[in-house]
Each structure stands twice: as structure tokens, then as C-alpha cells.
Amino acid sequence: MDVKIESTWKNVLQPEFDKDYFTNLTGFVRNEYKSKHIFPPGNLIFNAFEHCPFDKLKVVIIGQDPYHGPGQAHGLCFSVNDGVEFPPSLVNIFKEIERDLNIPLPQSGNLTRWAEQGVLLLNATLTVEAHKAGSHQGRGWENFTDAVIRAVAEQKEHVVFLLWGNYAQQKGAFVNTAKHLVLKTVHPSPLSAYRGFIGCGHFSETNKYLVANGIEPIQW
């Protein structure tokens with residue numbers, strides 16, 4: 001199957017595209033886009049890979065579902081388009097960056113600037129129906145994104161995995177901590193952010209680890 005995804009990722013993930021579950025998944029997703037209002041726009045489903053080629057990847061952040069409100073989702077977890085109001089979790093991410101690194105809150109919630117520095121902003125499920133959180137879970141996306149995480153964990157070294165909340169921690173549970181840095185805390189949502197996310201120091205820790213391994217740090 002020909003999937004339009006950034007070329008370095010295509011080389012790594014080609015075995016997945018040939019599997020039955022992926023054929024079924026693409027059939028389901030195509031039908032959903034034809035008949036319903038689905039986010040993100042179809043050309044942005046693989047946007048996280050487009051901006052963060054496999055050979056440039058330094059950090060993985062795992063989200064769960066794309067945003068399901070108008071104009072928000074553009075294929076990068078936690079990120080929103082320019083001019084869109086910051087969702088609560090993203091506000092808390094920026095608050096922790098300000099606390100940790102003394103970087104003021106940005107004007108835009110568009111995290112493409114992170115992706116282009118090597119941060120893979122990966123949702124576990126890459127599509128969702130408008131106003132229906134979790135509507136595309138259990139259709140095969142999770143198999144695909146597990147394969148993405150496995151490829152990074154097995155084929156690269158010195159990657160930082162930021163696992164926020166139980167869901168992300170389960171999804172990244174197999175990552176070898178002798179080979180990579182795995183940082184865990186609660187989810188940045190308002191329900192849990194003040195039980196450990198605010199104060200976690202993950203952004204400075206990430207950069208210390210990258211520098212210690214001769215890798216350019218992220219400009220958060």
C-alpha cells in the first residue's frame with residue numbers, strides 16, 4: 001500500500017503498511033472522511049512525521065487523541081494551529097516550561113517549531129470524529145503507533161521519551177531505559193497537573209541529557 005508519509009519514516013514503517021490491520025484501518029478512515037466531519041484534515045494525518053524525520057528525532061511526546069473541536073488539530077499532539085486558543089493541557093505545558101526554564105508563554109500554541117527540532121509529537125490515535133473524543137480508538141491506530149515507538153526504541157539511541165499520564169506510560173512501557181531517557185509524570189490536564197506535572201522539570205532534564213550525549217538541545 002502506498003502511504004504518503006515522510007520518506008525516512010516510510011523506510012522504517014513499510015512493514016506496517018503491508019499488514020492486514022493497516023489495510024482495514026485505511027479503509028475505515030477513508031470512509032469516515034467521506035461521510036463525517038473528521039479531524040485533523042486528511043492531508044495532516046501524518047503531520048508529526050512530516051516535520052520530524054526519523055533520522056533527526058531526539059524526543060518523543062505521546063498524546064492520546066487529536067483535539068476534536070474546529071480548527072484545533074493539525075496532526076501534532078498537544079499542539080493547535082496559530083490563532084487558536086490554548087487548550088488547558090497546553091497551558092499547563094507552557095506554565096511548566098516557564099517555571100522550569102524561565103521561558104515566557106508563547107504567542108502561539110503551534111508546536112511545529114518543536115517538531116522541526118526533532119520532537120515527535122505522537123498521538124496514539126491519529127484521527128477522530130468531530131466532538132466525539134476517542135471515536136477512532138480500537139480501529140488499528142494504536143497498533144501502528146506502537147510500531148512507531150518500537151522502531152524508535154530499537155533503532156535509535158539516546159532518545160528522550162516524555163510519558164505524561166498512565167496512558168502514555170503504558171504505551172512506552174517497553175522502552176529500554178539503559179539506551180534512552182524515560183521521564184514519567186502525571187498528565188498536564190487540569191485534573192492532574194498540580195499533582196506532579198507542574199514542577200516535574202522534564203524540559204530542563206531533556207536538554208541536560210541531550211547535551212550530555214552530544215546532541216543539540218531543544219529550544220522549548
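**Legends to the close-up views**

**View 1. Helices H1 and H6 cross in a right-handed manner.** In this predicted model, the axes of helix H1 (residues 7-17) and helix H6 approach within 10 Å and cross at roughly 135 degrees. H1 and H6 are therefore oblique to each other. On the side of H1, the contact is made by Trp-9, Val-12, Leu-13, Glu-16 and Phe-17. On the side of H6, Asn-143, Phe-144, Ala-147, Val-148, Ala-151, Val-152 and Gln-155 take part. Sorted by class, the residues in the contact of H1 with H6 are 9 nonpolar, 2 polar and 1 charged.

**View 2. Helices H2 and H6 cross in a left-handed manner.** Helix H2 comprises residues 20-35, and helix H6 comprises residues 141-155. Their axes come within 9 Å, with a crossing angle of roughly 125 degrees. H2 and H6 are therefore oblique to each other. Tyr-21, Phe-22, Leu-25 and Val-29 of H2 meet Trp-141, Asn-143 and Phe-144 of H6. This contact of H2 with H6 has 6 nonpolar residues and 1 polar residue, and no charged residues.

**View 3. An open sheet is formed by 4 strands.** The order of the strands is E3-E2-E5-E6, and their pairing is parallel. Strand E3 (119-123) and strand E6 (181-185) stand at the edges; each has a single partner strand, so one side of each is left without a neighbour in the sheet. On average, and with direction ignored, neighbouring strands of this sheet are turned by 20 degrees against each other. In general, the strands of a sheet pair through backbone hydrogen bonds, either parallel or antiparallel.

**View 4. Strands E5 and E6 run parallel.** Strand E5 covers residues 160-164 and is joined to E6 by 5 bridges. Within this pair, Trp-164 stands opposite Thr-185 of E6.

**View 5. The whole protein chain contains 8 helices and 6 strands.** Read from the N terminus on, the elements follow the order α-α-β-α-β-α-α-β-β-α-β-α-β-α. The C-alpha trace of the chain spans about 45 × 35 × 25 Å along its principal axes. For 220 residues, a compact globule would have a radius of gyration near 17 Å, and the value for the protein chain, 17 Å, agrees with this.

Methods. Residues numbered from 1 in each chain as written. Predicted model: local features only at pLDDT ≥ 70, side-chain atom pairs only at ≥ 80, totals over all residues. Heavy atoms only, no water. Axes fitted to C-alpha atoms, helices over the stretch in contact; angles between N-to-C directions. Helix = DSSP H or I, 4+ residues; strand = E, 2+ residues; numbered from the N terminus. Parallel < 35°, antiparallel > 145°, perpendicular 65-115°, else oblique. Left-handed = near helix turned anticlockwise from the far one by under 90°. Contact = heavy atoms within 4.5 Å. Nonpolar A, V, L, I, M, F, W, Y, C, P; charged D, E, K, R; others polar. Pairing = 2+ DSSP bridges. Rg over C-alpha atoms; globule rule 2.2 N^0.38 Å.
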